Amino acid sequence: MKSKELRIGNYVYHKHSIGIKLPGTLTSGKDIELCKEFEPIPLTKEWLIKFGFKKDGVLVDYAICLNNEKIFGIDIKNERAHIYQLKPSIQGVNLCSINYVHELQNLYYTLTKTELNYE
């Protein structure tokens, strides 16, 4: 994996076990070399549930709330997660498609400025 894809706290595989990206800025040669040992974790329904997504079934397979409002939802099809905006003013807009847990964490942070909590 490339260091620019990762943020502190991203979940990744490291030597065949799930680990959290090490703290730091990933600018030193040692940090950048360590990133080469990381492998992305495929995003699955199980991971969505661990992050607090709830089965929705109305507009999307799974949705997550922030301040008691559904902010976005996810459909997983063919090993790809499709992210949809669920706020009423722009409901159902397809934001992007992702494949990995760290991509979901990064997207959530970008949209909400808060970390996606692991339950």
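The following legends describe close-up views of a predicted model of a single protein chain.

**Figure 1. Overall composition of the chain.** The chain holds 3 helices and 8 strands, and from the N terminus on these elements follow the order β-β-α-β-α-β-β-β-β-β-α. Of its 119 residues, 37% count as buried. The accessible surface amounts to about 7300 Å², with carbon and sulfur atoms contributing 53% of it. Where contacts join residues at least 6 apart in sequence, 43% of them connect residues at least 24 apart.

**Figure 2. The largest nonpolar core.** This core comprises 21 residues, and the members that touch the most others are Leu 43, Leu 48, Phe 51, Phe 53, Phe 72, Ile 74 and Leu 104. At least two residues of the core come from each of α2 (45–50), β5, β6, β7 (80–85) and α3. Apart from this core lies another one, of 5 residues, including Leu 6, Val 12, Leu 34 and Cys 35.

**Figure 3. Surroundings of Ile 74.** Ile 74 is one of the residues of the largest nonpolar core that touch the most other members. With residues up to four places away in sequence not counted, Ile 74 touches Leu 48, Phe 53, Val 60, Asp 61, Tyr 62, Ala 81, His 82, Ile 83 and Leu 104.

**Figure 4. Asp 75, a buried acidic residue without a salt bridge.** Asp 75 belongs to strand β6 (residues 69–77). The residue is buried, and the nearest side chain of opposite charge, that of Lys 77, is 4.4 Å away. Because a salt bridge requires a nitrogen–oxygen approach within 4 Å, Asp 75 has none. Its side chain instead reaches the backbone nitrogen of Asp 61, at 2.6 Å. Not counting residues up to four places away in sequence, Asp 75 touches Leu 59, Val 60, Asp 61, Arg 80, Ala 81, His 82 and Tyr 84.

**Figure 5. The salt bridge between Lys 77 and Asp 61.** The side chains of these two residues meet with an N to O distance of 3.9 Å. The pair links distant parts of the chain, with Lys 77 in strand β6 and Asp 61 in the loop between β4 (54–55) and β5 (62–66), 16 residues apart. Lys 77 has a relative accessible area of 45% and is therefore classed as partly exposed.

**Figure 6. The salt bridge between Arg 7 and Glu 115.** The chain has 2 salt bridges in total. In the one shown here, the closest N and O atoms of Arg 7 and Glu 115 are 2.7 Å apart. This pair also links distant parts of the chain: Arg 7 is in the segment before β1 (11–14), whereas Glu 115 is in the segment after α3 (101–112), 108 residues apart. Arg 7 counts as partly exposed because its relative accessibility is 23%. Glu 115 is likewise partly exposed, at 38% relative accessibility.

**Figure 7. Tyr 118 and its contacts.** Tyr 118 lies in the segment after α3. Its relative accessible area is 40%, so Tyr 118 is partly exposed. Leaving aside neighbours within four places in sequence, Tyr 118 is in contact with Tyr 11, Trp 47, Lys 50 and Phe 51. Phe 51 is also among the residues of the largest nonpolar core that touch the most other members. The C-alpha atoms of Tyr 118 and Ile 49 are separated by 9.0 Å, although the two residues are 69 residues apart along the chain.

How values were computed:
Residues are numbered from 1 along each chain as its sequence is written. This is a predicted model: local features need pLDDT of at least 70, side-chain atom pairs count only at pLDDT 80 or more; totals for chains, interfaces and linings use all residues. Side-chain values use heavy atoms; hydrogens and water are left out. Helices (H or I, at least four residues) and strands (E, at least two) are DSSP runs, numbered from the N terminus. Buried means under 20% relative accessible area, exposed over 50%, partly exposed in between (1.4 Å probe, protein chains only). Lys and Arg count as positive and Asp and Glu as negative; His and the chain ends are not counted. A polar contact is a pair of N or O atoms within 3.5 Å; within protein, one must be able to donate a hydrogen and the other to accept it, and residues adjacent in sequence count only if both atoms are side-chain atoms. Contact means heavy atoms within 4.5 Å. A nonpolar core is a set of buried Ala, Val, Leu, Ile, Met, Phe, Trp, Tyr and Cys residues joined through side-chain atoms within 4.5 Å. Accessible areas come from the Shrake-Rupley method with a 1.4 Å probe; for residues, only the protein chains shown count as cover.
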